[in-house]
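The notes below are in the order in which I checked things.

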Amino acid sequence: MSDSLRTTGTGETFVELDASVRHQLLSDARRRATLIVLRSCEPPIDLETLAEAVVRWEEGSKADVDRTALVLHHHHLPMLDQAGVLWYDSASNRIESLQNPFHELTEALLTSGE
């Protein structure tokens with residue numbers, strides 16, 4: 001994924017997502033649901049809690065939670081982690097922090113009508 005580092009006036013460095021990365025991250029409905037759910041959570045959050053909330057958002061059944069957790073763990077959370085949107089500790093199955101690009105992505109979701 002292509003990204004660039006920016007530094008604020010206070011010296012804080014963060015990843016700025018380019019349009020193609022934003023599009024790739026927002027192209028999947030499950031990732032969009034995950035970002036929307038995480039917007040209302042304060043990290044750290046564990047994978048099981050996140051999966052349950054995503055399933056509720058998608059209006060799925062309790063039977064979908066394990067499968068959702070598996071897909072989040074192996075696909076979506078590592079992709080968001082690699083892009084610098086969040087920090088996912090796959091050993092403990094916890095989202096430990098939301099990074100600066102997370103807010104950029106969730107604002108893009110809100111302004112696009114999701």
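I looked up the H2 and H4 pair and found the two helices roughly perpendicular to each other (65 to 115 degrees counts as that, under 35 as roughly parallel, over 145 as roughly antiparallel and the rest as oblique). The axes of H2 (residues 29-39) and H4 (residues 65-82) cross at roughly 80 degrees and come within 11 Å. Axes are lines fitted to C-alpha atoms, for helices over the stretch in contact, with angles from 0 to 180 degrees between N-to-C directions. Helices (H or I, at least four residues) and strands (E, at least two) are DSSP runs numbered from the N terminus.

I noted the source terms: the model is predicted, local features need pLDDT of at least 70, side-chain atom pairs count only at pLDDT 80 or more, and totals for chains, interfaces and linings use all residues. Residues are numbered from 1 along each chain as its sequence is written, and side-chain values use heavy atoms, with hydrogens and water left out.

I then listed the residues in contact (heavy atoms within 4.5 Å). On H2 they are Arg 30, Arg 31, Thr 34 and Leu 35, and on H4 they include Val 71, Leu 72, His 75 and His 76. By class, this contact has six nonpolar, four polar and two charged residues. Nonpolar covers Ala, Val, Leu, Ile, Met, Phe, Trp, Tyr, Cys and Pro, charged covers Asp, Glu, Lys and Arg, and the others, Gly among them, are polar.

Is His 76 buried or exposed? His 76, in H4, counts as buried because its relative accessibility is 3% (buried is under 20% relative accessible area, exposed over 50%, partly exposed in between, with a 1.4 Å probe and protein chains only). Neighbours within four places in sequence aside, His 76 touches Asp 28, Arg 30, Arg 31 and Val 71.

Next I checked H1 (residues 19-26) against H5 (residues 100-111): the angle is about 70 degrees and the axes are 11 Å apart. That makes H1 roughly perpendicular to H5. Arg 22, Leu 25 and Leu 26 of H1 meet Glu 104, Leu 105, Ala 108 and Leu 109 of H5. I counted five nonpolar, no polar and two charged residues there.

I moved to the sheet, which is open and has three strands in the order E3-E5-E4, paired antiparallel (two strands pair if DSSP finds at least two bridges between them). E3 (45-46) and E4 (86-89) are the edge strands with a single partner each, so one side of each has no neighbour in the sheet. E3 and E5 (residues 94-98) share two bridges, and Asp 46 stands opposite Arg 94. E4 and E5 share four bridges, with Leu 86 opposite Leu 98.

H4 lies across E4 and E5 and runs at about 135 degrees to E4. On E4, Leu 86 and Tyr 88 form the covered face, and Trp 87 and Asp 89 the uncovered one.

Last, I went through the backbone. E4 and E5 form a hairpin with four residues between them, and Asn 93 in the turn has a positive phi of about 60 degrees. Asn 93 is partly exposed, with a relative accessible area of 29%. Glu 59, in the loop between H3 (47-57) and H4, has a positive phi near 60 degrees and counts as exposed at 72% relative accessibility. Pro 43 and Pro 44 are joined by a cis peptide bond, with omega about 5 degrees, and Pro 44 is in the loop between H2 and E3.
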